Amino acid sequence: MRPGKISDSVLKRSVLKQIRFRRQEVLSGAGIGEDCAIFAPSRLCASAVSQALVEEGADMARLLTRCANNLASAGARPLAVLLTLLLPEEAEEALLRQLMAAAEETGSQMGMQIAGGHTTVSRHVDCPLACVTVYGTPMEGPEAAACASLEGDSAQASERSASTACEPLRVTRGLRPGQEIVLTKWVALEGTALLARINRQRLLERYPAHLVETAEGFDRYLSVIPEAASAVKSGILAMHDASEGGILAALWELAESSGVGLSIDLRKIPIRQETVEICEFCGVNPYMLASSGCLVLAADHGEALADRLAAERIPAAVIGRITAGRDRLLYNGDEKRYLDKPVQDEIYKYMR
């Protein structure tokens, strides 16, 4: 199989279809577009897991941020981290110290504690690998008071289903035709930062230093916790963070999870000029490039949500809407085409 996320067809065929045992305590688990699990009976805990090669501190920071973003997209605030590190025999202690320092700094910035984990060195590992599990609890939202009133009644709590109106945690599915799609910040931030670092010297031969340095600094935008918290307070029920595979993969997953269609205006998708220049230089498609830092939301009143986010200094734009049926259409002026199933992230052209 190719490096990167497995395809939807392989995911359905060889992963999801193999998962048959169910417990009523697991309200939402493995599924397309579902990046974290939600547990009963109190629905006060969610978790998300991810893994990646970590050869420097910045890799660890991105990994923890991506996991925290998955929780934020479910309306949960990350609280605790379990961290497993697998190191090759040639790894030096200085690398371990650097990785842990980055994990601690990133975790403290997001308010989540490293609660435990495991570190081991193995001759069967040829690159440093980290596996992160983050746990969280619901952010405060308009449903919190109603849910709190039920907490003291165990009988009522046990009867609540995943569709209960006061459900404090969000799942990706449940979109309705007519809802508008809102995008925060800009696409391809994560991938642009990586490409800028990998190709720094070549880029400096063509572009001014400030453009390359600005692109390298896009990591500072990668957390979606602020916009997710704002969306929860606004009563938004469906969110999905754009990460591996880029915005096009995120849009597909969002629609696939609910079995709905899309109508997207590519010209309205926000993108930084630094991203345009660097992606053109590197020959990659920015809409299929790692996009952590970009949150996709479904709202009944998209412009109103975008205005509320802008008031909190979070750039946001309405880029399309949910439609009935299964057609997922991308418009670029007079040009129209169908949204394809997610494929390998463009960043893998530059990753070993």
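**Figure 1. Contacts that span the chain.** Take the contacts in the chain with a separation of 6 or more: 82% of them are between residues 24 or more positions apart. This is a predicted model, and its chain has twelve helices and 13 strands. Of the 352 residues in the chain, 49% count as buried.

**Figure 2. An open sheet built from seven strands.** Reading across the sheet, the order is S8-S10-S7-S11-S9-S12-S13, and the pairing is mixed. Which strands sit at the edges? They are strand S8 (238-242) and strand S13 (335-338), and each pairs on one side only. From one strand to the next, the twist averages 25°. Helix H2 (residues 57-73) packs on the sheet, where it touches S8 and strand S10 (294-299). The direction of H2 makes about 165° with that of S8.

**Figure 3. Strands S7 and S11 side by side.** Here we zoom in on one pair from the sheet: strand S7 (residues 180-184) and strand S11 (residues 316-323). The two pair in the antiparallel sense, over five bridges. To find your way around, look for Leu 183, which stands opposite Ala 317 in S11.

**Figure 4. Strand S12 and the strands it pairs with.** Strand S9 (residues 261-265) and strand S12 (residues 328-332) run parallel, joined by four bridges. A handy landmark is Asp 265, standing opposite Tyr 331 in S12. S12 also pairs with S13, this time in the antiparallel sense and over four bridges. In that pair, Asn 332 stands opposite Glu 335 in S13. S12 and S13 form a hairpin, with two residues between them. Gly 333 is in the turn and has a positive phi of about 70°.

Figure 5. Is Asn 69 buried or exposed? Asn 69 has a relative accessible area of 0%, so it is buried. Its side chain reaches the backbone oxygen of Leu 222 at 2.8 Å. Not counting residues up to four places away in sequence, Asn 69 touches Leu 222, Ser 223, Val 224 and Ile 225, along with Asp 241, Ser 292 and Gly 293.

Figure 6. Gln 179 lies in the loop between helix H5 (154-159) and S7. Which residues does Gln 179 contact, leaving aside its neighbours within four places in sequence? They are Ala 298, Ala 299, Asp 300, Arg 321 and Ile 322. With Asp 300 there is a polar contact of 3.4 Å, side chain to side chain. Look for His 301 as well: it is 122 residues from Gln 179 along the chain, yet their C-alpha atoms are separated by 7.3 Å.

**Figure 7. Helices H6 and H8 crossing.** The axes of helix H6 (residues 189-198) and helix H8 (residues 209-216) come within 7 Å, crossing at roughly 130°. That angle is why H6 is oblique to H8. On the H6 side, the residues that meet H8 are Thr 192, Ala 193, Ala 196 and Arg 197. H8 brings Val 212, Ala 215 and Glu 216. Sorted by class, the contact has four nonpolar, one polar and two charged residues.

Terms used. Residues numbered from 1 in each chain as written. Predicted model: local features only at pLDDT ≥ 70, side-chain atom pairs only at ≥ 80, totals over all residues. Heavy atoms only, no water. Pairing = 2+ DSSP bridges. Axes fitted to C-alpha atoms, helices over the stretch in contact; angles between N-to-C directions. Contact = heavy atoms within 4.5 Å. Parallel < 35°, antiparallel > 145°, perpendicular 65-115°, else oblique. Nonpolar A, V, L, I, M, F, W, Y, C, P; charged D, E, K, R; others polar. Buried < 20%, exposed > 50% of the residue type's maximum accessible area, 1.4 Å probe, protein only. Polar contact = N/O pair within 3.5 Å; in protein donor to acceptor, adjacent residues only side chain to side chain.
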